[in-house]
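The following exercises concern one protein model and are to be worked with its sequence and coordinates at hand. Each task is followed by a solution in steps.

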Amino acid sequence: MEIPQSIRPARSFNPARICMRICTRICTYSGAILLFCLNYWINRFFGRPDLDQIAYHLQFGTELLGASDPALARRFVRWCVLAPLLLLAAVLLAEGRYFGRRRRPDCRARTLLPALALVAAVGLWLVQLSVVDYVAARFGPDYFGAHYVPPASVAVRARKPKNLVLIYVESLEAGYSERRVFGDDLIAPLSRLAATRFASYEQVPGTGWTIAAIVATQCALPLKRMTVFDVHTQGEVVPAFLPRATCLGDILARHGYRNVFMGGGSPAFTGKGKFLRAHHYHEVLGKEDWQRAGVPASAMNGWGLFDDDLLLRARARLDALHAARQPFNLTLLTVTSHEPAGYLSPGCARRGHAGFDGVIRCAAADVAAFVDYAAARGYLEDTNIVIVGDHLARRNPLSAGLDSLAERSVFNAFIGSAAPARNRAQLVHFDLLPTILEFNGFTVEGGRLGLGYSGFNPHPVQPDPLRVAQLRASVLNQSPVYRALWAP
């Protein structure tokens, strides 16, 4: 029997319960709005990173913040702190006004709205970061273990090895030379260099940000999650960066080379310095060294030294290394073409460059001028120069033009007095290790190191035509062989 409304017991007023409901609704809205804003911030300034990239960067925490461009922190505060607070206030105000006008507010709808917003935000992140693929990788085939050739097990013999200058140019793509897209060849000084090039240098998972690209090209393996989302090795990568891998610096040091790294930014950023020092780089120079040398903050960009200044200092270091008459590897890493908008140096501005296309033009001119300097000094008789983009460009003012290309390719140029014959037109990052060695006068038995296949000289084993597709599908799958390379 239904109890008449008039004699039902009145629900007691419970301030604690009401406060709890209000706090829960506010916290749920806050979580949803923060996720939306964080997603927007990442996409606007970095493009679409994968979960491995985000996981890798998270392990460095305050180290990452201290070594990055301060503008990065300001943008984060603007879009991930201030914007969520303003949006939360607007949502609560709109909700209060809408339900306050109604004589019989639908309490169920008011309760469900925050939860629906949070579900939508989480769903967006699951799609954005391809979390389904991330989970599937834990159960897929071990591509790495099936294809990895430990470099330490391969005979690498020196025929007539030359000195090496290896230049990583931040986010440099071959597509910047497309006149039909950009109206001009934006990297004309580099395009005009006499060099051997590979028409297709493709990017695969585990190589798409700077430290990952350096590791991939020097060790012939991807950089993937081993810390934040993997409790078995958490923290081990910081003091010991791939201690069981054999990389370019290790091989060259074994043959008597002196390895020197010079970068515009901080070596502490994402563990570059840890990696390089762990793999026989004898000198690692970056932002902090330039500051100690007296370069004022006003003469730097947010990341560190402008490219023109870095390359000017690299000329002096090249002179000293060449004069020492010991084989050497001088590795350079530029920063001014970094997303989202690049960093135009005062020197580039004085030369009439402006905008992001001016940053690209000037970066190309500065690197080409460094090559011209080496050639004019006669260094190319015994020194080879390899210029590569570290990875494909992420979100920047010219992204629409790059996205319109049928194929996006990382820039590459191999400059020397006598380059070996190419054996194919396609490279991936992993191929750089054996390719650079054979370009520089070494013989790599079988032409294979790590996941890489040398692009020079005839070798009986060549990459599978479907390799790029296989790498994209499986190279980040869980692998005990990969895990063992991180073991202390």
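**Exercise 1.** Which residue forms a disulfide with C348, and how far apart are their sulfur atoms?

*Solution.* The model is a predicted one.
Step 1. The partner of C348 is C362, with 1.9 Å between the sulfur atoms, and a pair counts as a disulfide within 2.5 Å.
Step 2. The angle about the S-S bond is -85°, which makes the link of C348 and C362 left-handed.
Step 3. C348 belongs to helix 15 (residues 346-350) and C362 to helix 16 (residues 355-376); the two cysteines are 14 residues apart and link distant parts of the chain.
Step 4. Both C348 and C362 are buried.

**Exercise 2.** State how many disulfides a search of the whole structure finds, and describe the one that contains C219.

Step 1. C219 is joined to C247, at an S to S distance of 2.0 Å.
Step 2. C219 lies in helix 10, whereas C247 lies in the loop between helix 10 and helix 11 (248-254), 28 residues apart.
Step 3. An angle of 100° about the S-S bond makes the link of C219 and C247 right-handed.
Step 4. C219 has 0% relative accessibility and therefore counts as buried; C247, also at 0%, is buried, the cut-off being under 20%.
Step 5. Counting bonded cysteines along the chain, the pattern is 1-2, 3-4.

**Exercise 3.** Determine the strand order of the open six-stranded sheet and identify its edges.

*Solution.* Step 1. The order is 5-4-6-2-7-8, and the pairing is mixed.
Step 1. Strand 5 (283-285) and strand 8 (412-415) are the edges; each has a single partner strand, so one side of each lacks a neighbour in the sheet.
Step 2. From one strand to the next, the twist averages 10°.
Step 3. Strand 2 (residues 163-169) runs parallel to strand 6 (residues 328-333), joined by five bridges; in one of these strands, strand 6, L333 is the bridge partner of Y168.
Step 4. Helix 10 (residues 210-219) packs on the sheet and touches strand 2 and strand 6, its direction making about 150° with that of strand 2.

**Exercise 4.** In which sense do strand 7 and strand 8 pair?

*Solution.* Step 1. Strand 7 (residues 383-389) pairs with strand 8 in the antiparallel sense, over four bridges.
Step 1. A413 in strand 8 stands opposite I387.
Step 2. From strand 8, A413 and I415 point one way, N412 and F414 the other, and all are buried.

Definitions and conventions
Residues are numbered from 1 along each chain as its sequence is written. This is a predicted model: local features need pLDDT of at least 70, side-chain atom pairs count only at pLDDT 80 or more; totals for chains, interfaces and linings use all residues. Side-chain values use heavy atoms; hydrogens and water are left out. Two strands pair if DSSP finds at least two bridges between them. Axes are lines fitted to C-alpha atoms, for helices over the stretch in contact, and angles run from 0 to 180 degrees between N-to-C directions. Contact means heavy atoms within 4.5 Å. Buried means under 20% relative accessible area, exposed over 50%, partly exposed in between (1.4 Å probe, protein chains only).
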